[in-house]
Amino acid sequence: MGHLITVATSLNQWALDFEGNLQRILESIRIAKEKGATLRVGPELEITGYGCMDHFLEGDTCLHAWEVLAEILKSDEAKGIVCDIGMPMTHKNVIYNCRVIIHNGKILLIRPKMWMANDGNYRELRWFTPWAKHRQVEDHYLPRLIHAVTGQTKVPFGDAVISTVDTCIGVELCEELFTPASPHILMGLDGVEIFTNSSGSHHELRKLYRRVELMKEATMKVGGIYLYANQQGCDGDRLYYDGCAMIVVNGRVVAQGSQFSLRDVEVVTATIDIEDVRAHRATSSRSNQAAEAERYQRIEVDFSLSDGLADEIKDFSELVVGKPAEVRYHKPEEEIALGPACWLWDYLRRSRTQGYFIPLSGGIDSCATSVIVYSMCRLVTESARNGDKQVIADARRIAGEPEDSNYVPTDPREFANRIFHTCYMGTENSSSETRKRAKDLANAIGSYHIDLNMDTLVTAIRDLFAYVTGVKPRFRVHGGTAAENLALQNIQARLRMVIAYLFAQLMPWVRGRQGGLLVLGSANVDESLRGYFTKYDCSSADVNPIGAISKTDLKKFIAYARDAFDLPILTDFLEAVPTAELEPITETYVQADEADMGMTYDELSVFGRLRKVEKCGPWSMFTKLCHEWGSFLSPQQIAEKVKHFFFEYARNRHKMTTLTPSYHAEQYSPDDNRFDLRPFLYPSRFPWQFKKIDTAAARWPDRSTVRAQEAHDKHAIQENKE
């Protein structure tokens with residue numbers, strides 16, 4: 001038997017933090033060697049950080065990456081172990097996304113990425129060129145600073161594999177696993193037994209399952225050991241990379257790291273019998289195909305990954321045999337509790353600010369954002385109790401403790417009171433119910449709470465307009481026009497943004513501390529898609545942890561947090577009717593969000609998925625919904641809903657250009673930054689498309705068989721099942 005201990009890592013790297021990234025890489029190698037590993041795999045572009053974006057085009061970025069690699073090559077940590085390191089590199093004046101395989105101070109192979117991620121949030125083709133010479137290798141001439149360390153002048157560059165004394169290692173880089181003709185197929189047929197995958201894969205709700213199944217299927221078909229390493233954390237933008245390093249053998253997950261964690265370095269290991277791979281491959285059909293497989297060039301290294309002797313195994317209890325543990329998947333509501341919380345912690349500590357500030361309205365969106373911050377405080381105190389030195393040091397600095405302090409955060413409510421500030425900004429249109437809910441929630445989670453009335457400011461702005469123009473705008477319920485009504489609502493909304501930034505800047509000073517607070521936004525993905533918010537109101541903030549999460553999922557999260565975090569006050573938020581409270585309340589009128597929007601939040605989620613994920617325009621959406629909703633809505637009713645959505649979406653699309661940077665969590669996010677690239681000036685009445693819809697709706701038969709309320713209930717049930 002040939003036993004080997006393999007390692008996959010999750011590192012919380014940060015774009016352009018070369019010093020910090022180096023230390024985390026060395027720490028992961030040190031831990032790997034302590035565990036007896038002979039092969040260590042790190043995440044994609046780990047030296048620079050994955051999210052450098054246009055900085056990859058700068059010569060400095062590649063230069064500093066080489067400098068860091070030189071330090072790794074010189075280090076004692078990198079001796080006696082094969083390491084797979086990620087960095088950008090220029091070869092013949094072309095920039096590539098590369099893996100550098102090193103051993104004992106020498107570079108064995110530079111393997112460039114062949115298939116780029118260039119959809120959704122990814123723009124790799126903007127910075128990198130794919131290596132198109134499959135199964136070919138060229139000489140890469142090393143810079144002088146590397147030559148001075150390794151003594152090498154040139155090394156192999158291209159699509160090759162590493163041949164050790166006892167096995168063969170091949171590289172598959174992130175997106176290459178997701179392509180139809182993945183490299184692991186041909187490598188496996190040519191005798192590669194260990195596949196490394198270094199990834200920069202971000203979190204999306206319900207996404208992990210696909211990633212895991214691809215690795216299981218890959219190794220089940222061709223046999224082999226799959227080492228998956230991933231970035232973990234916020235490395236400087238809207239994405240949270242969700243780690244979950246894995247080791248998969250012959251279709252079985254034998255080791256799994258955490259998906260959400262505050263740790264900067266996480267290492268997962270497994271002790272594997274390489275003969276299991278060979279036994280799995282001993283089938284006739286596989287052997288026939290392998291005998292015809294094209295050859296990869298093998299880069300030989302005089303090093304054995306396995307000890308070759310069973311009696312030298314340190315701990316036979318760690319040997320992978322029998323039925324492995326099941327893969328751990330979080331429910332979507334748990335993902336919301338953990339992912340955005342970890343992202344907020346990284347953003348807070350790396351921005352070196354003193355905490356967060358949020359306008360707490362008493363509604364479910366600002367409630368959800370506040371509970372996510374509370375979840376962050378829970379994770380911080382849990383890590384601190386477990387002795388995480390980095391978390392403790394960051395918490396002390398953020399809480400304003402002196403350098404010689406012994407403070408350790410152990411109570412999430414106490415820590416929240418130090419770093420989280422909530423503020424209810426009431427007007428004459430606010431209700432006592434929302435004011436009480438905001439106060440009770442703040443007390444439950446421990447935030448430093450402020451309760452104020454801003455009517456004097458609203459009146460001052462209104463009177464200023466009346467003084468200058470000679471006319472005084474009125475609300476609709478007082479006889480005003482739609483334009484007057486909307487303008488008066490927007491005054492309140494925009495003043496709240498101004499007040500939020502004033503208090504965020506000065507509250508640390510008020511409490512005898514230095515620095516400022518980050519303002520949190522709380523507009524959800526459905527309201528952003530529909531444009532149901534005021535431009536430059538409280539949706540304008542520094543960051544927004546729920547900006548790509550649907551109202552439906554947020555409600556599920558609140559229900560989960562009520563029980564998991566012991567916050568019974570959240571029941572009041574779940575039972576409350578969503579309202580902006582920007583218009584006067586009368587005996588016959590109370591402002592309600594869904595009535596204002598002209599559509600339900602459940603319908604918005606459907607429209608959003610069809611528009612972005614299914615790539616539907618107005619006509620395609622109409623035809624699809626006639627099939628899906630035709631049993632309870634007539635074609636004319638569906639037509640009106642689709643036209644109303646696209647009209648409101650189109651005329652409000654300009655708001656997406658100023659949307660607060662939001663945690664990316666949903667496939668139908670309308671984020672205009674780079675995920676959902678669309679015009680912001682539309683022919684919003686879509687005359688050609690709407691005419692085609694109207695013609696079809698008038699001609700197609702009505703097959704609906706249930707009443708309107710039953711239709712709504714049935715639609716809601718269908719959404720909850722998805």
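Trainee: At the start of H11, which residue has a side-chain oxygen that reaches to within 3.1 Å of the backbone nitrogen of Gln390?

Mentor: The model is a predicted one, and the distance is computed from its heavy atoms. The backbone nitrogen of Gln390 is approached to within 3.1 Å by an oxygen that belongs to a side chain at the start of H11. The residue that supplies this oxygen is Asp388.

Trainee: Over what arc around the axis of H11 do the buried residues of the helix lie?

Mentor: Helix H11 runs over residues 389-398, and its buried residues are Val391, Ile392, Asp394, Ala395 and Ile398. Because they cover so limited an arc around the axis, they are on the same side of H11, and the arc is only 165°.

Trainee: Which residue with a positive phi follows H11?

Mentor: The phi in question is near 80°, and the residue that has this value comes after H11. That residue is Gly400.

Trainee: How do the residues of the contact of H12 with H13 divide into nonpolar, polar and charged?

Mentor: Helix H12 and helix H13, the latter made of residues 432-445, pack at an angle of about 120°, and their axes are 8 Å apart. On the H12 side the contact is made by Pro412, Arg413 and Ala416, and on the H13 side by Asn443, Ala444 and Ile445. Sorted by class, these residues divide into 4 nonpolar, 1 polar and 1 charged.

Trainee: Which residue has a side chain joined to that of Ser304 by a polar contact of 3.0 Å?

Mentor: Ser304 lies in the loop between strand E16, residues 298-300, and helix H9, residues 332-351. Leaving aside residues up to four places away in sequence, Ser304 touches Thr38, Val165 and Asp166. The side chain of Ser304 also reaches the backbone oxygen of Ser306, at 2.6 Å, but the polar contact of 3.0 Å between side chains is with Asp166.

Trainee: Is Ser304 buried, partly exposed or exposed?

Mentor: The relative accessible area of Ser304 is 27%. Buried requires a value under 20% and exposed a value over 50%, so the class that applies to Ser304 is partly exposed.

Trainee: How far from Cys367 is the nearest cysteine sulfur, that of Cys377?

Mentor: A search of the whole structure finds 0 disulfides. Cys52, for its part, is in no disulfide, and the nearest cysteine sulfur, that of Cys62, is 9.9 Å away. Cys367 is buried at 0% relative accessibility and is likewise in no disulfide, the distance to the nearest cysteine sulfur being 15 Å.

Trainee: Which residues does Gly188 touch, not counting residues up to four places away in sequence?

Mentor: Gly188 is found in helix H5, residues 183-189, and counts as buried because its relative accessibility is 0%. With residues up to four places away in sequence set aside, the residues touched by Gly188 are Phe195, Arg281 and Arg286.

Trainee: What value is the positive phi of Lys615 near?

Mentor: Lys92, in the loop between strand E3 and strand E4, has a positive phi near 55° and is exposed, with a relative accessible area of 58%. Lys615, in the loop between helix H20 and helix H21, is exposed as well, with a relative accessible area of 69%. The phi of Lys615 is positive and near 60°.

Technical notes: Residues numbered from 1 in each chain as written. Predicted model: local features only at pLDDT ≥ 70, side-chain atom pairs only at ≥ 80, totals over all residues. Helix = DSSP H or I, 4+ residues; strand = E, 2+ residues; numbered from the N terminus. Buried < 20%, exposed > 50% of the residue type's maximum accessible area, 1.4 Å probe, protein only. Contact = heavy atoms within 4.5 Å. Polar contact = N/O pair within 3.5 Å; in protein donor to acceptor, adjacent residues only side chain to side chain. Arc of directions from axis to C-beta. Axes fitted to C-alpha atoms, helices over the stretch in contact; angles between N-to-C directions. Nonpolar A, V, L, I, M, F, W, Y, C, P; charged D, E, K, R; others polar. Disulfide = S-S within 2.5 Å.
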